[in-house]
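Hi there,

Here is the structure I promised to pass along. Have a look when you get a moment, and my notes follow below.

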Amino acid sequence: DTSKDTSNGNTTCIGEQVDGLSSSSYHRQQRWLISRLLDLLHSDIQSVESIVQQLIGLEAAFFKAEAAETVDVSLEEKEHDEGEQQQHEKKQHEKKRNHQHQHHASESRGQGDGTDAAKVKERRHSEQQRQRHAWCDALSRCLVMKVLSPPSNLLLCRSLERACSAQFAGFRKRHMRLSLACAKVLLEMEPTLTDSVALSVLSHLGSWLGAVTLAIDKPLWLRFLDLKGTLLAAKKSGRLIAVVPFAVETLSGCCESKVFRLPNPWLSAVLRCLQDIRLTPGLPEQLSFCIDTLFRRLRVDPRKDLERQCL
(Lines give C-alpha, C1' and ligand atoms only; values in the text may rest on other atoms or scores of the structure.)
Protein backbone atom coordinates (compact mmCIF):
# COMPACT_ATOMS: atom_id res chain seq x y z
CA ASP A 1 0.00 0.00 0.00
CA THR A 2 2.84 2.39 0.84
CA SER A 3 4.57 1.80 -2.48
CA LYS A 4 1.30 2.25 -4.35
CA ASP A 5 0.56 5.59 -2.70
CA THR A 6 4.10 6.78 -3.23
CA SER A 7 4.08 5.82 -6.90
CA ASN A 8 0.92 7.85 -7.50
CA GLY A 9 2.61 10.91 -6.01
CA ASN A 10 5.78 10.37 -8.00
CA THR A 11 4.04 10.01 -11.33
CA THR A 12 2.02 13.15 -10.63
CA CYS A 13 5.18 15.17 -9.97
CA ILE A 14 7.11 14.10 -13.05
CA GLY A 15 4.25 13.23 -15.36
CA GLU A 16 4.77 16.40 -17.39
CA GLN A 17 8.20 15.13 -18.47
CA VAL A 18 6.71 12.16 -20.33
CA ASP A 19 7.16 12.31 -24.09
CA GLY A 20 6.73 9.29 -26.38
CA LEU A 21 4.97 6.97 -23.92
CA SER A 22 1.30 6.74 -23.16
CA SER A 23 0.22 7.88 -19.70
CA SER A 24 -0.93 4.44 -18.64
CA SER A 25 2.30 2.70 -19.69
CA TYR A 26 4.45 5.32 -17.98
CA HIS A 27 2.52 5.08 -14.71
CA ARG A 28 2.66 1.31 -14.86
CA GLN A 29 6.45 1.35 -15.24
CA GLN A 30 6.81 3.82 -12.36
CA ARG A 31 4.67 1.70 -10.04
CA TRP A 32 6.70 -1.36 -10.93
CA LEU A 33 10.01 0.46 -10.36
CA ILE A 34 9.08 2.04 -7.03
CA SER A 35 7.67 -1.22 -5.72
CA ARG A 36 10.92 -3.03 -6.55
CA LEU A 37 13.07 -0.25 -5.07
CA LEU A 38 11.15 -0.23 -1.80
CA ASP A 39 11.39 -4.01 -1.53
CA LEU A 40 15.15 -3.82 -2.08
CA LEU A 41 15.93 -0.89 0.22
CA HIS A 42 13.78 -2.22 3.07
CA SER A 43 15.17 -5.76 2.83
CA ASP A 44 17.52 -7.30 5.39
CA ILE A 45 20.56 -6.73 3.16
CA GLN A 46 23.19 -4.78 5.11
CA SER A 47 25.94 -4.68 2.48
CA VAL A 48 26.09 -1.46 0.45
CA GLU A 49 27.94 -3.25 -2.35
CA SER A 50 25.22 -5.88 -2.61
CA ILE A 51 22.47 -3.27 -2.69
CA VAL A 52 24.25 -1.23 -5.37
CA GLN A 53 24.78 -4.31 -7.54
CA GLN A 54 21.09 -5.14 -7.31
CA LEU A 55 20.24 -1.52 -8.11
CA ILE A 56 22.38 -1.71 -11.25
CA GLY A 57 20.49 -4.81 -12.34
CA LEU A 58 17.17 -3.16 -11.56
CA GLU A 59 18.18 -0.08 -13.54
CA ALA A 60 18.98 -2.25 -16.58
CA ALA A 61 15.63 -4.03 -16.28
CA PHE A 62 13.81 -0.69 -15.99
CA PHE A 63 15.53 0.76 -19.07
CA LYS A 64 14.80 -2.43 -21.02
CA ALA A 65 11.11 -2.29 -20.12
CA GLU A 66 10.96 1.40 -20.97
CA ALA A 67 12.68 0.74 -24.32
CA ALA A 68 10.13 -1.96 -25.16
CA GLU A 69 7.28 0.45 -24.49
CA THR A 70 8.98 3.10 -26.62
CA VAL A 71 9.47 0.67 -29.51
CA ASP A 72 5.78 -0.27 -29.49
CA VAL A 73 4.72 3.37 -29.61
CA SER A 74 7.32 4.17 -32.27
CA LEU A 75 6.12 1.31 -34.49
CA GLU A 76 2.56 2.54 -34.29
CA GLU A 77 3.61 6.06 -35.18
CA LYS A 78 5.83 4.78 -37.97
CA GLU A 79 2.96 2.81 -39.52
CA HIS A 80 0.76 5.87 -39.29
CA ASP A 81 3.43 8.06 -40.91
CA GLU A 82 4.01 5.53 -43.67
CA GLY A 83 0.30 5.45 -44.46
CA GLU A 84 0.16 9.22 -44.72
CA GLN A 85 3.32 9.26 -46.82
CA GLN A 86 1.87 6.73 -49.28
CA GLN A 87 -1.27 8.80 -49.70
CA HIS A 88 0.82 11.89 -50.23
CA GLU A 89 3.00 10.18 -52.82
CA LYS A 90 -0.04 8.95 -54.66
CA LYS A 91 -1.44 12.45 -54.95
CA GLN A 92 1.92 13.78 -56.04
CA HIS A 93 2.20 11.10 -58.72
CA GLU A 94 -1.16 12.02 -60.13
CA LYS A 95 -0.39 15.75 -60.24
CA LYS A 96 3.21 15.60 -61.45
CA ARG A 97 3.72 13.51 -64.54
CA ASN A 98 6.74 15.01 -66.27
CA HIS A 99 10.34 14.18 -65.45
CA GLN A 100 11.17 17.61 -64.01
CA HIS A 101 8.43 17.49 -61.45
CA GLN A 102 9.37 13.93 -60.49
CA HIS A 103 12.97 15.04 -60.01
CA HIS A 104 11.91 17.85 -57.67
CA ALA A 105 9.65 15.45 -55.76
CA SER A 106 12.56 13.05 -55.34
CA GLU A 107 14.79 15.81 -53.93
CA SER A 108 12.04 16.82 -51.49
CA ARG A 109 11.73 13.24 -50.28
CA GLY A 110 15.50 13.07 -49.80
CA GLN A 111 15.43 16.18 -47.63
CA GLY A 112 12.45 14.78 -45.73
CA ASP A 113 14.38 11.58 -45.00
CA GLY A 114 17.26 13.60 -43.59
CA THR A 115 14.89 15.61 -41.43
CA ASP A 116 13.17 12.43 -40.20
CA ALA A 117 16.54 10.89 -39.27
CA ALA A 118 17.46 13.99 -37.25
CA LYS A 119 14.10 13.92 -35.49
CA VAL A 120 14.52 10.23 -34.65
CA LYS A 121 17.99 10.88 -33.22
CA GLU A 122 16.77 13.84 -31.18
CA ARG A 123 13.80 11.88 -29.92
CA ARG A 124 15.98 8.94 -28.93
CA HIS A 125 18.26 11.25 -26.92
CA SER A 126 15.26 12.89 -25.27
CA GLU A 127 13.84 9.48 -24.37
CA GLN A 128 17.13 8.38 -22.79
CA GLN A 129 17.23 11.57 -20.73
CA ARG A 130 13.63 11.04 -19.61
CA GLN A 131 14.41 7.48 -18.55
CA ARG A 132 17.47 8.64 -16.59
CA HIS A 133 15.45 11.33 -14.81
CA ALA A 134 12.64 8.89 -14.02
CA TRP A 135 15.12 6.41 -12.54
CA CYS A 136 16.90 9.01 -10.38
CA ASP A 137 13.59 10.48 -9.20
CA ALA A 138 12.23 7.10 -8.14
CA LEU A 139 15.48 6.07 -6.42
CA SER A 140 15.68 9.42 -4.60
CA ARG A 141 12.14 9.12 -3.27
CA CYS A 142 12.67 5.58 -2.06
CA LEU A 143 15.95 6.45 -0.32
CA VAL A 144 14.31 9.38 1.50
CA MET A 145 11.51 7.03 2.57
CA LYS A 146 14.08 4.59 3.92
CA VAL A 147 15.85 7.38 5.82
CA LEU A 148 12.63 8.60 7.44
CA SER A 149 11.13 5.17 8.16
CA PRO A 150 12.09 3.90 11.64
CA PRO A 151 14.24 2.16 12.50
CA SER A 152 16.73 3.89 10.22
CA ASN A 153 20.42 3.07 9.92
CA LEU A 154 21.82 6.52 9.15
CA LEU A 155 25.35 5.23 8.56
CA LEU A 156 24.13 2.67 6.02
CA CYS A 157 22.00 5.30 4.29
CA ARG A 158 24.95 7.68 4.06
CA SER A 159 27.13 4.99 2.50
CA LEU A 160 24.33 4.04 0.12
CA GLU A 161 23.77 7.67 -0.89
CA ARG A 162 27.48 8.12 -1.59
CA ALA A 163 27.65 4.91 -3.64
CA CYS A 164 24.52 5.79 -5.66
CA SER A 165 25.84 9.29 -6.35
CA ALA A 166 29.01 7.79 -7.79
CA GLN A 167 27.17 5.13 -9.80
CA PHE A 168 24.13 6.97 -11.20
CA ALA A 169 24.66 10.30 -12.94
CA GLY A 170 22.32 13.02 -11.74
CA PHE A 171 21.21 11.12 -8.65
CA ARG A 172 22.73 13.40 -6.00
CA LYS A 173 21.25 16.55 -7.52
CA ARG A 174 17.74 15.12 -7.59
CA HIS A 175 18.10 13.50 -4.18
CA MET A 176 19.24 16.74 -2.56
CA ARG A 177 16.45 18.70 -4.23
CA LEU A 178 13.88 16.20 -2.95
CA SER A 179 15.29 16.13 0.60
CA LEU A 180 15.31 19.91 0.85
CA ALA A 181 11.81 20.13 -0.60
CA CYS A 182 10.56 17.62 2.00
CA ALA A 183 12.14 19.67 4.77
CA LYS A 184 10.54 22.87 3.50
CA VAL A 185 7.10 21.26 3.34
CA LEU A 186 7.36 19.83 6.87
CA LEU A 187 8.60 23.14 8.27
CA GLU A 188 5.59 24.98 6.84
CA MET A 189 2.92 22.46 7.88
CA GLU A 190 0.72 23.54 10.75
CA PRO A 191 0.24 19.98 12.19
CA THR A 192 4.02 19.76 12.66
CA LEU A 193 3.76 22.12 15.65
CA THR A 194 1.62 19.73 17.68
CA ASP A 195 2.39 16.30 16.21
CA SER A 196 5.24 14.60 18.07
CA VAL A 197 5.75 12.13 15.24
CA ALA A 198 6.09 14.95 12.69
CA LEU A 199 8.57 16.74 14.96
CA SER A 200 10.62 13.56 15.26
CA VAL A 201 10.61 13.03 11.49
CA LEU A 202 11.65 16.64 10.94
CA SER A 203 14.57 16.35 13.36
CA HIS A 204 15.66 13.11 11.71
CA LEU A 205 15.49 14.78 8.32
CA GLY A 206 17.69 17.56 9.68
CA SER A 207 20.28 14.99 10.79
CA TRP A 208 20.18 13.44 7.33
CA LEU A 209 20.62 16.77 5.54
CA GLY A 210 23.53 17.70 7.75
CA ALA A 211 25.15 14.32 7.14
CA VAL A 212 24.96 14.49 3.33
CA THR A 213 25.89 18.18 3.02
CA LEU A 214 27.73 19.99 5.81
CA ALA A 215 29.48 16.88 7.15
CA ILE A 216 31.15 16.31 3.76
CA ASP A 217 31.86 20.02 3.19
CA LYS A 218 28.93 20.56 0.83
CA PRO A 219 26.72 23.63 1.36
CA LEU A 220 22.96 23.68 1.74
CA TRP A 221 21.24 25.06 -1.35
CA LEU A 222 19.93 28.45 -0.24
CA ARG A 223 17.43 28.64 -3.09
CA PHE A 224 15.69 25.63 -1.56
CA LEU A 225 16.34 26.14 2.16
CA ASP A 226 17.61 29.32 3.82
CA LEU A 227 18.35 28.15 7.35
CA LYS A 228 18.87 31.61 8.86
CA GLY A 229 15.82 33.03 7.11
CA THR A 230 13.74 30.08 8.28
CA LEU A 231 14.82 30.66 11.89
CA LEU A 232 13.98 34.38 11.73
CA ALA A 233 10.58 33.65 10.19
CA ALA A 234 9.88 30.99 12.82
CA LYS A 235 10.71 33.46 15.60
CA LYS A 236 8.10 35.89 14.26
CA SER A 237 5.43 33.27 13.58
CA GLY A 238 5.90 31.21 16.74
CA ARG A 239 7.15 28.06 15.03
CA LEU A 240 10.43 27.74 16.95
CA ILE A 241 9.30 24.43 18.49
CA ALA A 242 9.65 22.82 15.07
CA VAL A 243 12.41 24.85 13.41
CA VAL A 244 15.04 25.04 16.17
CA PRO A 245 15.50 21.26 16.64
CA PHE A 246 15.65 20.85 12.85
CA ALA A 247 18.29 23.58 12.52
CA VAL A 248 20.32 22.17 15.42
CA GLU A 249 20.31 18.65 13.95
CA THR A 250 21.30 20.00 10.53
CA LEU A 251 24.16 22.08 11.96
CA SER A 252 25.40 19.05 13.90
CA GLY A 253 26.90 17.92 10.59
CA CYS A 254 29.45 20.72 11.00
CA CYS A 255 31.13 18.63 13.72
CA GLU A 256 32.62 16.47 10.94
CA SER A 257 33.38 19.34 8.58
CA LYS A 258 36.67 21.05 7.85
CA VAL A 259 35.06 23.95 5.97
CA PHE A 260 31.99 24.80 8.06
CA ARG A 261 33.87 25.87 11.16
CA LEU A 262 34.30 29.30 12.66
CA PRO A 263 35.13 31.80 11.26
CA ASN A 264 32.99 30.55 8.33
CA PRO A 265 30.68 33.54 7.58
CA TRP A 266 27.57 31.46 6.85
CA LEU A 267 27.97 29.37 10.02
CA SER A 268 28.68 32.45 12.11
CA ALA A 269 25.49 34.14 10.92
CA VAL A 270 23.33 31.09 11.67
CA LEU A 271 24.91 30.55 15.10
CA ARG A 272 24.38 34.21 16.05
CA CYS A 273 20.75 33.84 15.03
CA LEU A 274 20.45 30.79 17.30
CA GLN A 275 22.12 32.71 20.13
CA ASP A 276 19.62 35.55 19.74
CA ILE A 277 16.81 33.01 19.96
CA ARG A 278 18.50 31.47 22.99
CA LEU A 279 18.34 34.82 24.77
CA THR A 280 14.64 35.34 23.94
CA PRO A 281 12.60 35.75 27.16
CA GLY A 282 10.21 32.89 27.81
CA LEU A 283 11.93 30.44 25.45
CA PRO A 284 11.02 26.83 26.35
CA GLU A 285 13.76 25.05 28.28
CA GLN A 286 13.94 22.20 25.78
CA LEU A 287 14.88 24.63 23.01
CA SER A 288 17.47 26.36 25.20
CA PHE A 289 18.99 22.99 26.05
CA CYS A 290 18.96 22.03 22.36
CA ILE A 291 20.90 25.15 21.35
CA ASP A 292 23.37 24.83 24.24
CA THR A 293 24.05 21.23 23.24
CA LEU A 294 24.89 22.33 19.70
CA PHE A 295 27.34 24.97 20.96
CA ARG A 296 29.07 22.37 23.14
CA ARG A 297 29.32 19.89 20.27
CA LEU A 298 30.81 22.56 18.01
CA ARG A 299 33.05 23.77 20.86
CA VAL A 300 31.76 27.30 20.45
CA ASP A 301 31.53 29.80 23.29
CA PRO A 302 28.81 32.20 22.07
CA ARG A 303 29.87 35.01 24.41
CA LYS A 304 33.43 34.98 23.09
CA ASP A 305 33.55 33.38 19.65
CA LEU A 306 30.40 34.92 18.18
CA GLU A 307 31.11 38.40 19.57
CA ARG A 308 34.61 38.14 18.12
CA GLN A 309 33.08 37.31 14.76
CA CYS A 310 30.87 40.39 14.95
CA LEU A 311 33.91 42.57 15.63
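Predicted model: local features only at pLDDT ≥ 70, side-chain atom pairs only at ≥ 80, totals over all residues.

With a relative accessibility of 22%, Trp-221 falls in the partly exposed class, because buried would need a value under 20%.

On to the aromatic rings, where the count is three pairs. In one of them, Trp-135 and Phe-168 have ring centres 5.5 Å apart and planes at 70°, so they meet edge-to-face. This pair joins distant parts of the chain, 33 residues apart: Trp-135 belongs to helix H4 (residues 99-148), while Phe-168 is in the loop between helix H5 (154-167) and helix H6 (171-188). Trp-135 is buried at 0% relative accessibility, and Phe-168 is buried too, at 1%.

Trp-221 comes back here as the partner of Phe-224: their ring centres are 5.8 Å apart and their planes at 40°, so this pair is tilted. Phe-224 is partly exposed, at 24% relative accessibility. Trp-221 also has Arg-223 over its face, 5.2 Å from the ring centre.

Beyond its neighbours within four places in sequence, Leu-231 touches residues including Leu-240, Val-243, Val-244, Val-270 and Ile-277.

Happy browsing, and write back with any thoughts!

Conventions:
Residues numbered from 1 in each chain as written. Heavy atoms only, no water. Phe/Tyr/Trp six-rings, centres within 6.5 Å; stacked < 30°, edge-to-face > 60°. Helix = DSSP H or I, 4+ residues; strand = E, 2+ residues; numbered from the N terminus. Buried < 20%, exposed > 50% of the residue type's maximum accessible area, 1.4 Å probe, protein only. Lys NZ or Arg CZ within 6 Å of the ring centre and 35° of its normal. Contact = heavy atoms within 4.5 Å.
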